[in-house]
Amino acid sequence: MKLKIYRLATVILVTLALALMYIYLRFPELHVYALQKQVEYQNRIAGQESIIDLMRQETDIVTRVGNENLMSQLRVELPSDVSVKDVEVVNDYVNHMIDIRIPGADKSYIYDYPLIGSCDNIIDIRYGVAASTAELAIELDDIYLVEAKNIDRYIYINFLSPKDVYDEIVVVDAGHGGKDVGASSQGVNEKDIDLLITEKMRGYFEQMGEGNAADDFVNQNVTEYMLNDKRIGVFYTRKSDVYIPVQNRSALANALGADLFISVHNNSTASGRMSTINGTEVMYRASDVFGQSKGFAEMCLNALLWNLGSTSKGLVAGDDIYIVRTAEMPVALVEVGFMSNQEELNKLCDDEYQNKTAMSLCEVINSALQIYNNQE
Ligand SMILES: [Zn+2]
C-alpha cells in the first residue's frame with residue numbers, strides 16, 4: 001500500500017516538474033518579463049524614475065497600440081475602489097500648481113495606474129501618499145484653468161488659458177496673511193479683517209454667478225459670472241490665512257492679464273497707538289499715464305464714503321507700494337478704515353460693516369468693467 005502511494009506521488013511530482021520545465025522552455029519570455037517588471041517596479045518605487053518620464057513611456061505605449069484616443073492633455077485612472085466623487089482637484093494658480101488628491105490610493109498607485117497624456121504644459125509631477133491619500137502635484141508652465149471630465153474609470157483633464165475662457169478678469173487681493181499680520185490693534189490683526197471682507201466679496205460674486213457657472217470646471221478658487229453677455233472670472237490671491245509674498249500678488253494679476261486689480265487693506269497710525277485719526281483712503285498708481293488707476297480708485301473711495309459714511313482720507317499716489325507700482329492694469333489699494341481708532345476698529349470688526357464694504361467694492365468693480373467695455 002505504502003509503496004503504491006510513493007509511486008503515485010513520484011509520478012505526480014515528475015509530471016509537475018516536466019510541465020513547469022515545458023512552460024519555461026516554451027515561454028522563456030514570460031519568466032524574463034516577470035523579472036524585468038519586478039526590477040523596473042523596484043526602481044520606480046525607489047524613486048529612481050521621474051513620474052513625467054513614466055508618463056511619457058506609458059503614453060507612447062498606449063498611443064502606439066492605438067486603443068486610446070487622447071481626448072485631453074491628461075488622463076488620470078482611478079483605482080477600482082475609489083469613487084470619482086472623492087477625488088479632489090485643487091488649482092493653486094498663484095504657484096502654477098494643480099493638486100489631484102485621490103483618497104485610498106497607495107504608494108504603487110502611480111505605477112499600477114500610470115498617467116497618460118501630453119506633457120506640453122507640464123514642468124514636473126511629484127507623487128506622494130499621506131494619511132492614505134495619494135497626491136499628484138503637477139507643476140505647470142503658466143496659469144491654467146482646469147477642465148475635468150469623468151468617463152468610466154478615467155478623469156480627463158484639460159488645461160485652459162484663463163484669457164480663452166473669460167472675457168474679463170478681476171483679481172481680488174486680501175492684504176497680508178500668515179506670518180505677515182499687517183496692522184495690529186487690541187488683539188485684532190489686519191490680515192483677518194482684510195480676508196473677511198474679500199471672502200464676503202466672493203460671496204457676492206458667487207451669488208451673481210449662480211446658474212451660469214460651468215459645471216465641468218473644478219476651479220474652486222475662481223468665481224465666474226455673466227455681466228452684459230461677458231463672462232467674468234474673479235481670481236483671489238488668497239482664501240485662507242497664508243503668507244503670500246507681494247511679488248506673487250502682482251505677478252498673478254499681470255500673468256492673468258487682469259482687467260482690474262483690487263487690494264483690500266486697513267490702516268493704522270505709524271506708531272500703532274490709538275488715536276482720533278480715522279477714515280477711508282484709496283491708493284492708485286500715479287505712473288498710469290491713462291489715469292485709469294486713479295479713476296478706479298476714485299470710484300472705490302466714493303462708493304465706500306457713500307455706503308459706510310466714513311471720513312475721506314482721500315486718494316493717495318501709491319507708487320511706493322510694490323503691488324501698486326508693478327500692477328500693469330488699473331489698480332486700487334483700499335484702506336477701508338483705521339484700526340488705531342477705537343470707533344472705526346469696532347465697525348471694521350462688525351459683520352454688517354464688512355458686508356457693506358464688500359458689496360460696495362463688488363458694485364464698483366462691475367461699474368468699472370462696464371465703463372471699460374463701453375470704451376473699447
Ligand atoms: Zn495692510
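## Helices packed around α11

Let's start with a pair of helices: helix α8 (residues 292–308) packs with α11 at an angle of about 145°, and their axes lie 9 Å apart. What you are looking at is a predicted model. The way α8 and α11 cross is right-handed. On the α8 side, the contact is made by Phe296, Met299, Cys300, Ala303, Leu304, Asn307 and Leu308. On the α11 side, Tyr353, Lys356, Thr357, Ser360, Leu361, Glu363, Val364, Ser367 and Ala368 take part. Sorted by class, this contact of α8 with α11 has 10 nonpolar, four polar and two charged residues.

Now look at α8 by itself. Helix α8 has 17 residues and reaches 24 Å from its first C-alpha to its last, close to the 24 Å expected at 1.5 Å a residue. Its buried residues are Gln292, Ser293, Phe296, Ala297, Met299, Cys300, Leu301, Ala303 and Leu304. What do the buried residues of α8 pack against? They pack against the strands β14 (260–267), β15 (280–284), β16 (312–317) and β17 (331–338), and also against α11. After α8 comes Gly309, which has a positive phi near 70°.

One residue on the other side of this contact is worth a visit. Ser367 sits in helix α11. Is Ser367 buried, exposed or partly exposed? Ser367 is partly exposed, because 13 other C-beta atoms lie within 10 Å.

Helix α11 has another partner to show you. Helix α6 (residues 190–209) and helix α11 (residues 351–375) pack at an angle of about 55°, with 8 Å between their axes. That angle is why α6 counts as oblique to α11. Here, too, the crossing is described as right-handed. From α6, the contact uses Leu196, Ile197, Lys200, Met201, Tyr204 and Phe205. From α11, the residues are Gln354, Asn355, Thr357, Ala358, Met359, Leu361 and Cys362. By class, nine residues in the contact of α6 with α11 are nonpolar, three are polar and one is charged. You can find Thr357 and Leu361 of α11 in this contact and also in the contact with α8.

Helix α6 has 20 residues, and from its first C-alpha to its last it reaches 29 Å, close to the 28 Å expected at 1.5 Å a residue. Buried in α6 are Glu190, Lys191, Ile193, Asp194, Leu195, Ile197, Thr198, Met201, Tyr204 and Phe205.

Next, let's turn to the loops. Most residues other than glycine have a negative phi. Against that background, His176 has a positive phi of about 60° although it is not a glycine. His176 lies in the loop between β9 (168–174) and β10 (184–185). His176 counts as buried because it has 24 C-beta neighbours inside 10 Å. Asp229, also a residue other than glycine, has a positive phi near 65°. You will find Asp229 in the loop between β12 (222–227) and β13 (230–236). Is Asp229 buried or exposed? Asp229 is exposed, because 7 other C-beta atoms lie within 10 Å.

Finally, step back to the whole protein. How many helices and strands are there? The protein has 11 helices and 17 strands. Of its 376 residues, 36% count as buried. Among contacts between residues at least 6 apart in sequence, 72% join residues at least 24 apart.

How values were computed
Residues numbered from 1 in each chain as written. Predicted model: local features only at pLDDT ≥ 70, side-chain atom pairs only at ≥ 80, totals over all residues. Axes fitted to C-alpha atoms, helices over the stretch in contact; angles between N-to-C directions. Helix = DSSP H or I, 4+ residues; strand = E, 2+ residues; numbered from the N terminus. Parallel < 35°, antiparallel > 145°, perpendicular 65-115°, else oblique. Left-handed = near helix turned anticlockwise from the far one by under 90°. Contact = placed C-beta atoms within 7 Å. Nonpolar A, V, L, I, M, F, W, Y, C, P; charged D, E, K, R; others polar. Expected span 1.5 Å × (residues − 1). Buried ≥ 20, exposed ≤ 12 C-beta atoms within 10 Å, placed from the backbone.
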